[in-house]
Amino acid sequence: MGKNKPAASRADRAVEALLRVAGLSTIGMVVLIFVFLLQQGLPVFFRVPLRDFLGTRWYPTEGYYGALPLILGSLLVTVVAVVVAVPLGICTAVFVRELAPGWVRELLKPAIEVLAGIPSVVLGFLGMTVIAPWVRTTLGAPTGLTALTGAVILAYMALPTIISVAEDALDAVPKSLRDASLAMGATRWQTIWKVTVPAARSGIVTAIMLGMGRAIGETMAVMMVTGNAARMPLTADSLFRPVRTITATIAAEMGEVANGSTHYQALFALGILLFLVTFLINLTAASAIFAKRRQGGLR
Amino acid sequence: MVDPISAKIRFEDVSYAYGKDTVLRNIKLGIPSNHITVLFGPAGSGKSTLLRLINRLNDLADDTSLTGRVLLDDEDIYAAGTDVAALRRRVGMVFALPLPLPGTIRYNVLYGPTLGSIQKQADLDSLLVQSLQRAALWDEVKDRLDSPANRLSGGQQQRLCIARSLAQQPEVLLLDEPTSGLDPISTAKVEESLMELERECTIVIVPHSVQQGARLSDYAAFLLMGELVEQGPDKQLFTAPKDKRTEDYVTGRFG
């Protein structure tokens with residue numbers, strides 16, 4: 001025993017070192033990606049002043065690098081998607097966890113997880129062949145490839161995330177807390193909205209943030225259904241006109257730019273912007289959780 | 001046996017089962033009005049289930065069966081058409097663990113009244129003060145009614161839960177080992193407020209120890225494996241039990 005001890009602790013140290021390397025390399029990779037983005041993207045501001053970069057015209061072949069239409073396009077599509085997906089997602093989570101009979105829940109939960117696994121290209125097909133014609137004929141838009149079509153598809157993509165994370169949060173609320181509310185003469189309905197959902201609040205905020213992160217970063221489906229016209233979505237009917245998002249712009253144009261050109265750098269600058277936005281969203285979600293933990297418990 | 005006329009709650013041949021697991025057998029019990037009734041017995045004897053039958057809190061459990069009748073003021077609370085929410089407003093309950101609802105102290109105490117009929121601010125304010133005072137918590141929280149309930153200590157949270165039940169002005173208060181997580185000082189405070197309360201409402205308590213049962217008992221019932229072994233007024237079960245099993249239990253020979 002005594003002889004083996006140093007050897008064992010050496011093995012311990014080896015494993016510990018290995019784990020440390022694995023853990024740190026994850027952080028390292030995030031840092032490297034960000035550094036790479038900065039290095040490739042920031043030089044654009046030597047060639048295109050920030051004021052021009054926030055201009056209203058994106059027309060790289062003519063030398064216009066105004067990213068505002070793209071930023072607003074991403075924002076419009078994401079916000080509408082979130083507005084659609086959040087109430088729907090939370091209501092579905094409440095139904096699955098609180099109201100559905102056992103066998104329905106057993107069916108719904110795996111079905112929702114499968115939904116999360118559908119490749120975005122496939123949803124793009126769905127958007128092009130089902131939702132786009134519907135938007136054109138029913139809502140009378142000149143084309144079916146609009147911001148609304150994109151938002152609906154994005155909402156659909158964010159839903160599984162929102163539902164499963166929110167459902168887990170509801171599941172973590174102890175049954176005894178529901179009993180306490182019911183014992184006060186609250187109905188099941190009152191208990192859900194006044195006790196269970198507020199108790200799961202931090203988890204639900206996380207669900208919303210994760211869903212939003214998913215929506216803003218999505219590329220393929222959005223590129224297929226939003227029409228990709230880089231116009232300022234500021235008119236009242238913008239929702240029913242084509243828009244172009246940051247992600248779709250990068251994906252569509254990256255293949256055709258010359259390495260190191262102004263256009264190339266501008267696309268990387270868009271990437272930085274996207275990275276910062278998603279980072280901010282995740283940070284908000286994380287701080288919501290940590291603030292809750294500090295207050296004592298995740299409830 | 002309590003004279004059936006003065007019984008607030010009566011169990012008439014009640015048997016209860018979860019699936020095939022019978023947890024209560026032919027319970028005949030009258031619970032006297034405006035007194036403290038102690039239900040005690042070893043773990044798994046069915047005390048909690050018996051308690052939860054009085055406010056129908058087991059309704060949402062799957063696959064249970066009830067035979068016999070449970071009467072509150074001579075009315076069968078399991079009769080078709082009973083308003084369960086109204087029943088639970090008349091019959092309050094405090095659990096073993098303090099369960100503050102997510103929100104402030106004020107929100108917790110007024111949870112029940114705002115669900116129901118009382119809406120006038122003046123009424124709510126006086127109810128808030130009154131309920132906290134009766135639960136012996138007012139002095140400790142009067143300056144921070146709008147701070148989150150989960151910042152209170154365990155003992156305070158439990159008294160908050162009692163105040164929350166009292167704000168409904170219940171006719172019956174059910175307590176399921178309400179002091180099991182509390183220190184002796186908090187326990188004493190809770191017991192004190194219970195003895196104050198019995199003047200105005202009927203209290204049924206599952207004590208967390210035989211000693212606590214003996215301290216509080218106006219009437220007591222001893223349960224063992226789903227059977228009601230013995231019942232009697234005052235401290236009779238603790239000082240002069242008639243059944244050998246009761247005697248063995250209260251003298252600490254098992255349990």
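Guide: A definition to start us off: exposed means over 50% relative accessible area, buried means under 20%, and partly exposed is in between. The model we are looking at is predicted.

Visitor: Thanks! So where does Asp74(B) fall, buried or exposed?

Guide: Asp74(B) has a relative accessible area of 51%, so it counts as exposed.

Visitor: Which side chain does Asp74(B) meet in a salt bridge?

Guide: That would be Arg10(B), with N to O at 2.2 Å. Arg10(B) is in strand β1 of chain B and Asp74(B) is in the loop between β4 and β5, so their bridge ties together parts 64 residues apart in sequence.

Visitor: And which residues are joined into one network by salt bridges that share partners?

Guide: Four of chain B's residues are joined that way: Lys8(B), Asp73(B), Arg90(B) and Glu171(B).

Visitor: How far apart are N and O in the bridge between Lys8(B) and Asp73(B)?

Guide: They are 3.2 Å apart. This pair links distant parts of the chain, 65 residues apart: Lys8(B) belongs to strand β1 (residues 7-18), while Asp73(B) is in the loop between β4 (64-72) and β5 (75-76).

Visitor: Is Lys8(B) buried or exposed?

Guide: Lys8(B) counts as buried because its relative accessibility is 11%.

Visitor: Where do Glu16(A) and Arg20(A) lie?

Guide: Both are in helix α1 of chain A, four residues apart, which is about one turn of the helix. Glu16(A) is partly exposed at 46% relative accessible area, and Arg20(A) is partly exposed at 49%.

Visitor: Switching to rings, how many aromatic pairs turn up over all chains?

Guide: A search of the whole structure finds twelve. Among them, Phe34(A) and Phe275(A) are stacked, with 4.8 Å centre to centre and 25° between the planes.

Visitor: Which helices do Phe34(A) and Phe275(A) come from?

Guide: Phe34(A) is in helix α1 (residues 4-41) and Phe275(A) in helix α13 (residues 262-294), and the pair links distant parts of chain A, 241 residues apart. Phe34(A) is partly exposed, with 24% relative accessibility. Phe275(A), at 23%, is also partly exposed.

Visitor: What about Phe40(B) and Phe238(B), how are their rings arranged?

Guide: They form a stacked pair, 4.8 Å centre to centre with 25° between the planes. Phe40(B) sits in strand β3 (residues 36-40) and Phe238(B) in helix α10 (residues 236-239), so to speak 198 residues apart in chain B. Phe40(B) is buried at 3% relative accessibility, and Phe238(B) is buried at 14%.

Visitor: Which residues do ring pairs link into a cluster?

Guide: Phe222(B) and Tyr249(B) are in a cluster with Phe40(B) and Phe238(B).

Visitor: Over which rings does the charged end of Arg57(A) sit?

Guide: It sits over the ring of Tyr59(A), 5.5 Å from the ring centre. The charged end of Arg57(A) also sits over the ring of Tyr64(A), 4.3 Å from that centre.

Visitor: One more: where is Thr49(B) placed?

Guide: Thr49(B) is in helix α1 (residues 47-54) of chain B. With a relative accessible area of 9%, Thr49(B) is buried. Beyond its neighbours within four places in sequence, Thr49(B) is in contact with Tyr16(B), Tyr18(B), Val23(B), Leu24(B) and Asn58(B).

How values were computed. Residues are numbered from 1 along each chain as its sequence is written. Chains are lettered from A and ligands numbered from 1 in the order in which they are written. This is a predicted model: local features need pLDDT of at least 70, side-chain atom pairs count only at pLDDT 80 or more; totals for chains, interfaces and linings use all residues. Side-chain values use heavy atoms; hydrogens and water are left out. Rings of Phe, Tyr and Trp (its six-membered ring) pair if their centres lie within 6.5 Å; planes under 30 degrees apart count as stacked, over 60 as edge-to-face and the rest as tilted. Helices (H or I, at least four residues) and strands (E, at least two) are DSSP runs, numbered from the N terminus. Buried means under 20% relative accessible area, exposed over 50%, partly exposed in between (1.4 Å probe, protein chains only). A charge sits over a ring if NZ of Lys or CZ of Arg is within 6 Å of the ring centre and within 35 degrees of the ring normal. Contact means heavy atoms within 4.5 Å.
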